[in-house]
Amino acid sequence: MDCYRRRHVSVVVTAIQLERLRRRRASRRRFWVHPVIAQRQERGQFWALYQNLRAHEDHFFAYMRMSISSFDELLGLLESRLMHQDTFMRDSIPPVERLVITLRYLGTGQSLASLHFSFLIGKSTASVIIRETCVAIWNALHAAVMGQPQKEQWQEMADVFMQTCQFPNCAGAIDGKHIRIKKPVRTGSQFYNYKKYFYFVLFAMCDANYSFRYIDVGSYGSRSDSAVFAHSEFGKLLHDKALDLPENTALPGTTSPAMPFVFVADEAFALGENLMRPYSSRGLSLARRVFNYRLTRARRVVECAFGILANKWRFLHTPIHLKLETFIGYPQFTHSRKTPLSNAQKNAQQYRNHAFQWRWFTLARFNARS
């Protein structure tokens, strides 16, 4: 019996080894550079269009989703980070072409296969370029455009909310957005939500100028916005009063009582000392109806910011057909003060370290003036 069992195991092991050998032989490269992409510098989209686009700023903006001046400024910040060494085998792809490829992917949402045939580069090469460029964007810009506000900045943000939305003592608007994805392997229904699709939650807080001040990426789509907020570092800091908000002040036209600075949200969030939500729509008095109207005017800025973001970088309009470890990242706020970190660190421990991080938020704020 033992002899028969050992023989059976040896047959299974041999079959597995033969299958691995067959797959290894099948995956061997037939070409060092495939003939389809061999003439990249003669027929590639970048080499054929870039110089002509720079001569027509309106077409450049439509193609790159940003102005020439913003593109040049961004390229100057990233050039040293995207520079690769030429070898005897081939020349490296220059930083300007790497940036163009990344902007086209983020701005159009086209697949890696489409980039492969447009820019005449390998699909794996396009994936690496996009990942490395997004990381470089974050490393170069996050300290300038995604820093945690100080007390004076909170006050300035509240003043803008008062001027534009007539809602006093408002430090920001918060909400969540569902980003549709392809079902990650071995995740069950964790990313499945009531819309009958697979999503992860993008939670954000923005100011009255539609600029994102905090983001939390990667929470399960099955979670509600309120649960995402409660488990985020931003929610914990707000609960612990560690956000360095200004001191309580009286509302305009009054002398007392002193009211705290608040963040506005929709009905999905729980009411708190520093978190305001509208009254229930049933049996509203005139005063409560006016309050709901004013609060909604302030809260809509975060929804408008999501719309601006998705229309600027259109890959958010389509399901993301990438591996989870590729498109979920950990936006980090590396400053001297204690600052929020992404909730994805808690929800994606089973996946590899971040690769394609949500650096387009940084890019969106950098490009807001374009």
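1. In which sense do strand 1 and strand 2 pair, and over how many bridges? Strand 1 (residues 170-180) pairs with strand 2 in the antiparallel sense, over eight bridges. Strands are DSSP runs of E, at least two residues, and helices are runs of H or I, at least four, numbered from the N terminus. Two strands pair if DSSP finds at least two bridges between them.

2. A word on the source. This is a predicted model: local features need pLDDT of at least 70, side-chain atom pairs count only at pLDDT 80 or more, and totals for chains, interfaces and linings use all residues. Residues are numbered from 1 along each chain as its sequence is written, and side-chain values use heavy atoms, without hydrogens and water.

3. Strand 2 (residues 199-206) is largely enclosed by the rest of the structure, because eight of its eight residues are buried. Buried means under 20% relative accessible area, with a 1.4 Å probe and protein chains only. Y199, V201, F203 and M205 cover one side. F200, L202, A204 and C206 lie on the other.

4. The largest nonpolar core has 65 residues, and M64 and F71 touch the most other members. Helix 8 (residues 123-145) gives the most, nine residues. Such a core is a set of buried Ala, Val, Leu, Ile, Met, Phe, Trp, Tyr and Cys residues joined through side-chain atoms within 4.5 Å.

5. The structure holds zero disulfides (pairs of cysteine sulfur atoms within 2.5 Å). The sulfur of C170 is 7.3 Å from the closest cysteine sulfur, in C165, so the two are too far apart for a bond. C170 is buried, at 0% relative accessibility. C165 is buried too, at 1%.

Methods: Buried < 20%, exposed > 50% of the residue type's maximum accessible area, 1.4 Å probe, protein only.
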